[in-house]
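Thanks for making time this morning.

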Amino acid sequence: MSETLLCPRNLAFELYEVLDAEALTRRARFADHSRETFDAALGTARQIAQKYFAPHNRTSDEHEPLYQNGEAVLIPEVRPAVDAFIEAGFHNAQRSFEDGGMQLPNLLSRACFAHFQSANIATSSYPMLTMGAAHLIETFGSDDQKQRFLQPMIEGRFFGTMALTEPHAGSSLSDIRTRAEPAGDGSYRLKGNKIFISGGDHPLSENIVHMVLAKLPDAPPGVKGISLFIVPKFLINDDGSLGPRNDVLLAGLFHKMGWRGTTSTALNFGDNGNCVGYLVGEPHKGLAYMFQMMNEARIGVGMGAIMLGYAGYLYSLNYARERPQGHLPDGKDPASAQVPIIEHTDVKRMLLMQKAYVEGAFDLGLYSARLVDDQHTAASEEERRNAGELLDLLTPIVKSWPSEFCLKANELAIQILGGHGYTREYPVEQYYRDNRLNPIHEGTHGIQSLDLLGRKLMQNKGAGLQQLLGLIQDCCQRAAAHEALAPLRQPLEQHIARLTRVTQALLGDLMAGKINQALANSALYLKVFGHAVIGWRWLEQALRAERGLTDGNPADADFYRGKLQAARYFLTWEVPGCQHELTLLEARDDTCLNMQEGWF
């Protein structure tokens, strides 16, 4: 399985040639680090992923968790993998040295974690959820909550979840019915049901800390009436020891198409009237708090989609190099040797599409991680604010674009393997099934598109959008100095010009109150906006590849030429292909909007 664990040369290219990770070591927080310490962490992550995570990826898919005697039962290989992850310090990779962490930049933490996502997306989800829940308590919890719940999570003894979705409401959080009644002692009693709770029950930790959205008796309607509560599986005694089981019951497990190794649970809170919870922060501000964990999870989902697509691409690439079949169209001698299928042009096309999708998305995922570092550690307040605004704008793209197009990459990997790809004897069909969840969870494509067009573009008076357009313009200006990049640059410039006009018109409709009409085709807008962003990131990679061909190691010439060819494919095939969607957006096409229920 090691051939599916990232490409070390591409990772080094991204970190040190495109995103300048070494520059982060000049900041006070990361001054004790160097490229050597970064590479050591990456090497350790790769080793643990290969030794503990990859070997049971198929096993956990074939033997999904079981519901037995009210508990979730996992295959035994999961626990040693998670323990190795924790022991190596990766669940505290970004935490300060004095708190027992590695004090790595977010960029390096994401790059390390990408190895685990590539090796075994299901097992890696348990620590990912825990890290997000811990960060949530760290940011908004009280000192007592940090002592009782955060510290054991830092130590790896407690795990965490996010409990949002309810059976009747789905993605519509404003309609949740879970209630929290004050108990008179500072705690609350919760009653309700949550579904699709990843990691909601398992035997991997002493305790599970659920971050639960619920409404107080005096809650205003809608999302402004949602509060956030800590609800542990086991209560905590005053001395920090585990107390009795809380009134949180595992009602059952969902049986999924993919991602089978992660428990997906239905949880009942307060069936016996005694589910103890603790309010986090202020009443009625729970959704705003939860958005921190949700946005972290959305970037994590995007990276998971990327790594599944990447794994499929690498496997199908190796297969195509080793599988002899057929002859080239001009081959006239039927007795001549078969050629490896990678020599067939249509196989090259499918591999090139995969490379363009997964390496373009990988660049964007790591770029977003670099923005998190800038948001918290850049030198000036203005730089930190700018990074946060740009990250907010890009988050729907980081989540959704890879979830759609890296899934397409998995589909192409199956196609390259032909009939073998459709069988369970080869891993590409599992990568596809696992990746099919990513367009759904942590906000569907539809929700992300509404967030982008209806909220993020206008946020802070469009500051993030103006930044993005400025960065793309700057990239195009630098590319104009390279004559060889003109065929790549020009389609992006044309796409941005038309997209900008469409954006201005749609925002004008929104400001005029034409909300339903403006947002009717938001999914199309998400695609063309995402293609603009990925096109920009490919042009940036092409600039670094041009520099590498001129100044780099001659042994890397093929690597750089591969980058340029993938950039050429995306910018000359994929980006111009968005013209139809832009035409529909310009026309405010109402085909879908005006369809009536009775006409189906």
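This is a predicted model: local features need pLDDT of at least 70, side-chain atom pairs count only at pLDDT 80 or more; totals for chains, interfaces and linings use all residues.

**Helices and their contacts**

The axes of H13, which covers residues 463–479, and H16 come within 10 Å and cross at roughly 35°, and the crossing in which H13 passes H16 is left-handed.

H16 also meets helix H1, and here the geometry is worth a look: the two pack at an angle of about 85°, with their axes 11 Å apart. That angle makes H1 roughly perpendicular to H16, because angles from 65 to 115 degrees count as such. On the H1 side the contact involves Phe13, Glu14, Glu17 and Val18, and on the H16 side Arg537, Gln541, Arg544 and Ala545. By class, this contact of H1 with H16 has three nonpolar, one polar and four charged residues.

Which helices do the buried residues of H17 pack against? They pack against H1 (8–18), H9 (345–377), H10 (381–417), H14 (486–511) and H16 (522–551). Among the buried residues of H17 are Phe559, Tyr560, Leu564, Tyr569 and Phe570, and also Lys563 and Glu574. As for its length, the 18 residues of H17, 557–574, should span 26 Å at 1.5 Å a residue, and the end C-alpha atoms are 25 Å apart, which agrees.

Now to another pair, H2 (residues 35–53) and H5 (residues 106–119), which pack at an angle of about 15° with their axes 9 Å apart. H2 is therefore roughly parallel to H5, since the angle is under 35 degrees. H2 passes H5 in a right-handed crossing. The residues that meet are Phe38, Ala41, Leu42, Ala45, Arg46, Ile48, Ala49 and Phe53 in H2, and Leu108, Ala111, Cys112, His115, Phe116 and Ala119 in H5. Of the residues in the contact of H2 with H5, twelve are nonpolar, one is polar and one is charged.

Last comes H6, residues 121–140, whose 20 residues should span 28 Å at 1.5 Å a residue, in agreement with end C-alpha atoms that are 28 Å apart. Is H6 mostly covered or mostly uncovered? H6 is mostly covered, with 15 of its 20 residues buried.

Notes: Residues are numbered from 1 along each chain as its sequence is written. Side-chain values use heavy atoms; hydrogens and water are left out. Helices (H or I, at least four residues) and strands (E, at least two) are DSSP runs, numbered from the N terminus. The expected span of a helix is 1.5 Å times one less than its number of residues. Buried means under 20% relative accessible area, exposed over 50%, partly exposed in between (1.4 Å probe, protein chains only). Contact means heavy atoms within 4.5 Å. Axes are lines fitted to C-alpha atoms, for helices over the stretch in contact, and angles run from 0 to 180 degrees between N-to-C directions. Angles under 35 degrees count as roughly parallel, over 145 as roughly antiparallel, 65 to 115 as roughly perpendicular and the rest as oblique. A crossing is left-handed if the near helix is turned anticlockwise from the far one by less than a right angle, and right-handed if clockwise. Ala, Val, Leu, Ile, Met, Phe, Trp, Tyr, Cys and Pro count as nonpolar, Asp, Glu, Lys and Arg as charged, and the others, Gly among them, as polar.
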